[in-house]
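Colleague: Hi! I'm new to this one. Could you walk me through it?

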Amino acid sequence: MSQDTLVNRQFGHRARLALSPAGVRAADDQAHAARTMWNLLHAGWQMMPKERRTLANADAAIRQAREDINFLAVLPAQAAQAVLKTYFRAWKNCWEGRADAPNFKGRLRTVMSVDIPQGRDLNITRVHRRWGMINIPKVGRVRFRWTKDLPVGRRANTENRITGARLIKDALGWHIAFRVQTLEVKPDPHQGPDVGIDVGVTVPIALSDGETYEHGEWLTEKEKAKLLHLEQRAAQRKQHRKPGERTSRRLHHTYDQIAGLRAKAKRRALDWQHQTTTVIARTYGTVVVEALTITNMVKSARGTIEEPGKNVAQKSGLNRSISREAWGRTVTMLTYKTAQLGGTLHKVPAPGTSRRCSACGSTTPGNRESQAVFVCKNPDCGWSGNADHNAARNVLHLYRMGLALIPAAGRAVVRRAKRVKPAAAR
Ligand SMILES: [Zn+2]
């Protein structure tokens, strides 16, 4: 008899909160305080001489601020500590080349959120088939929609538990995102075939075996017309506002309606992505994708002052469609879904996959006749087909040739060149 191997799994689960109007106000206040805390930290950091920029000094500063500034005290101490931790992680990401330097958080641009870093503070119970209860610090007991079996109460132990959570507000109101850790039986290796996937330009997802996954518009004609109308009305109202005048309640209401429609479109897109990635992860054992860095692609189109980008307008159009398809999220979903089903996801270097012929391997100029059609200009070959299908076949070839970059399943650690960090980071 063989012992099943167990593997640790970490994932997030998002649930809708049923807050009272007073609870909503309390959560709003906490989120504003968290944002203000971040901004104070950032201001203090920039004013501090380099050698004094340490975690201890910043910690002392936020403790002082919580005592001095009344409205900051609404933020629970643990949440304030989480802001500090996130701020330091932001600098670390910057120093290690993963992100730009942290910046001030504007009132309207920032997603409202509050951290509850300790899972045990949540005290989760299930009260009904559809409802659970949690403790939100300084808000109280709150109901949330129970849509997934969470390891709480008697089912919780050191391996299976909720390690923390974060409150997040979107157009539909406050939600809670749990961080869940479980110990699960390792799935048997997936016996399905290999497949290459291309980020579609004409097709959202094209597979190397010729399969494509498409979707319609996220909003109906009627909804699109309404969105346009609302946007025009918002622009008009904004135009008639005198300088310095407060945003009217009516304009705020219009903004909320716009945000609601956009959230609806996003929810539908997310649903499509989940369904598609689940089908792919169930069907194939090895999934190969291009290693694209979307932030770089968006940036490089614009170029720098010394080296302005070429075809900026075209590329930014492409970038927009890439962001719209949210390729990064598709890859994230595929990564954990393949791992859960015993498959693997691999990334291969991207350059040339859309210009190279997948039948003969030649990169002759003019191979790609249009965005949609690929016709090989090599006289001995002459392969033709959908351009995205061709690219997907190239992606799979690269993997079969052993060019996979990072085994992306599980928690991949990307090795980067060490850079010299400022003294405070050590
Ligand atoms: Zn060819």
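Modeller: Happy to. Among contacts in the protein chain between residues at least 6 apart in sequence, 67% join residues at least 24 apart; two residues are in contact if their C-beta atoms, placed from the backbone, lie within 7 Å. This is a predicted model, where local features need pLDDT of at least 70, side-chain atom pairs count only at pLDDT 80 or more, and totals for chains, interfaces and linings use all residues. Residues are numbered from 1 along each chain as its sequence is written.

Colleague: How many helices and strands are there in the protein chain?

Modeller: The protein chain has 9 helices and 14 strands. They are DSSP runs numbered from the N terminus: helices are H or I with at least four residues, strands E with at least two.

Colleague: And what share of the residues is buried?

Modeller: Of the 426 residues in the protein chain, 24% are buried. Buried here says that 20 or more other C-beta atoms lie within 10 Å of the residue's own, with C-beta atoms placed from the backbone.

Colleague: Let's take helix 5. How many residues does helix 5 have?

Modeller: Helix 5 has 35 residues, and its first and last C-alpha are 51 Å apart, close to the 51 Å expected at 1.5 Å a residue. The expected span is 1.5 Å times one less than the number of residues.

Colleague: Which residues in helix 5 are buried?

Modeller: Those are T254, Q273, T277, I280 and A281. They pack against helix 4, strand 11 (286-291) and helix 8 (327-340).

Colleague: At what angle do helix 4 and helix 5 pack?

Modeller: Helix 4 (residues 221-239) and helix 5 (residues 249-283) pack at about 150 degrees, with axes 9 Å apart. Axes are lines fitted to C-alpha atoms, for helices over the stretch in contact, and angles run from 0 to 180 degrees between N-to-C directions. The two helices are therefore roughly antiparallel, a label for angles over 145 degrees.

Colleague: What about helix 5 and helix 8, at what angle do they pack?

Modeller: Helix 5 and helix 8 pack at about 40 degrees, their axes 9 Å apart.

Technical notes:
Parallel < 35°, antiparallel > 145°, perpendicular 65-115°, else oblique. Buried ≥ 20, exposed ≤ 12 C-beta atoms within 10 Å, placed from the backbone.
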